[in-house]
Amino acid sequence: MIPIRYSKRDITDKAQIDHFLAVAKTGHLGMTNGIEPYIIPLNFCWWQGNLYFHGADSGRKIEMISANNRVCFSVCEEYGTVADPVPAHVDTAYMSVFLSGTIERVEEAEEMRGAMQAMLDKYVPGYFSEPLPLQHVLKYRSSMGSTTAVFRITPDTVTAKGNLAGEEKKFYPGRKVEMDV
């Protein structure tokens with residue numbers, strides 16, 4: 001693992017990282033086939049210590065995964081701009097997580113359903129009154145006729161960093177340097 005260079009931004013609290021991954025909305029999957037890199041934004045869920053997402057069972061992403069099952073995934077949430085009377089100290093409040101590991105298509109039906117249920121619980125909490133039926137997961141076809149593939153990234157490394165500045169430091173329209181000196 002390559003250490004974070006700006007170590008004062010390093011976040012090592014596993015519970016904080018798990019919570020962040022549970023609520024962050026969009027991540028970016030990085031892949032390579034040995035010739036070119038490919039990065040795509042995805043909805044995802046962090047479930048049972050692994051990262052899951054779903055998508056079509058064919059296309060460029062599938063070709064890249066087939067060529068090389070080593071991937072990375074990056075998630076970042078921006079929380080505002082940090083104001084400071086010293087221009088060089090103006091900054092961004094954020095948290096980010098980077099993980100790398102292996103990716104594989106989930107074949108076991110109950111794991112597929114669990115991951116899909118975790119995604120529904122994340123993105124539309126409380127919307128459905130019943131758990132996701134297994135038959136829906138197994139028989140669903142997209143508007144283009146493809147089956148839904150569920151993927152699991154098993155991380156080898158997970159690193160996080162952030163600048164979690166308090167609200168009193170954040171810029172807002174109308175804030176002037178004179179208010180901070």
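Visitor: Where is Glu 111 placed?
Guide: In this predicted model, Glu 111 belongs to helix α3, residues 109-123.

Visitor: Why is Glu 111 called buried?
Guide: Its relative accessibility is 17%. Buried means under 20%. The value falls below that cut-off, so Glu 111 counts as buried.

Visitor: Which residues does Glu 111 touch?
Guide: Setting aside residues up to four places away in sequence, Glu 111 touches Trp 47, Tyr 52, Val 106 and Arg 152.

Visitor: How many aromatic pairs does a search of the whole structure find?
Guide: The search finds four. In one of them, the ring centres of Tyr 127 and Phe 128 are 4.9 Å apart.

Visitor: What makes the pair of Tyr 127 and Phe 128 edge-to-face?
Guide: Look at the angle. The two planes stand at 90°, and over 60 degrees counts as edge-to-face. So the pair takes that name.

Visitor: What lies over the face of Tyr 38?
Guide: Arg 60 does, at 4.0 Å from the ring centre. Tyr 38 itself is in strand β3. Neighbours within four places aside, Tyr 38 contacts Leu 29, Gly 30, Met 31, Arg 60, Lys 61 and Met 64.

Visitor: And what lies over the face of Phe 44?
Guide: Lys 122, at 3.6 Å from the ring centre.

Visitor: Which residues of helix α2 are buried?
Guide: In α2, residues 60-67, they are Lys 61, Ile 62, Met 64 and Ile 65.

Visitor: Why are the buried residues of α2 said to line one face?
Guide: Look down the axis of α2. The buried residues fall within an arc of 160°, so they line one face of the helix. Glu 63 and Ser 66 are exposed on the other side. The buried residues pack against β2, β3, β5, β7 and β8.

Visitor: Which residues have the most contacts inside the largest nonpolar core?
Guide: This core has 28 residues. Leu 21, Leu 29, Met 31, Leu 51, Phe 53, Phe 73 and Ile 153 have the most contacts inside it. At least two core residues come from each of α1, β2, β3, β5, α2, β6, β7 and β8. Another core lies apart from it, with 11 residues, among them Tyr 52, Met 112, Ala 115 and Met 119.

Visitor: What makes β5 mostly covered?
Guide: Five of its seven residues are buried.

Visitor: Which strands pair with β5, and how many bridges are there?
Guide: β4 pairs with β5 in the antiparallel sense over three bridges. There, Trp 46 stands opposite Leu 51. β8 also pairs with β5 in the antiparallel sense, over six bridges. Ala 56 has Thr 148 of β8 as its bridge partner.

Visitor: What lies between β4 and β5?
Guide: Two residues lie between them, and the strands form a hairpin. In the turn, Gln 48 has a positive phi of about 55°, although it is not a glycine.

Visitor: Why is Gln 48 called exposed?
Guide: Its relative accessible area is 62%. The cut-off for exposed is over 50%, so Gln 48 is exposed.

Methods:
Residues numbered from 1 in each chain as written. Predicted model: local features only at pLDDT ≥ 70, side-chain atom pairs only at ≥ 80, totals over all residues. Heavy atoms only, no water. Helix = DSSP H or I, 4+ residues; strand = E, 2+ residues; numbered from the N terminus. Buried < 20%, exposed > 50% of the residue type's maximum accessible area, 1.4 Å probe, protein only. Contact = heavy atoms within 4.5 Å. Phe/Tyr/Trp six-rings, centres within 6.5 Å; stacked < 30°, edge-to-face > 60°. Lys NZ or Arg CZ within 6 Å of the ring centre and 35° of its normal. Arc of directions from axis to C-beta. Core = buried A, V, L, I, M, F, W, Y, C linked by side-chain atoms within 4.5 Å. Pairing = 2+ DSSP bridges.
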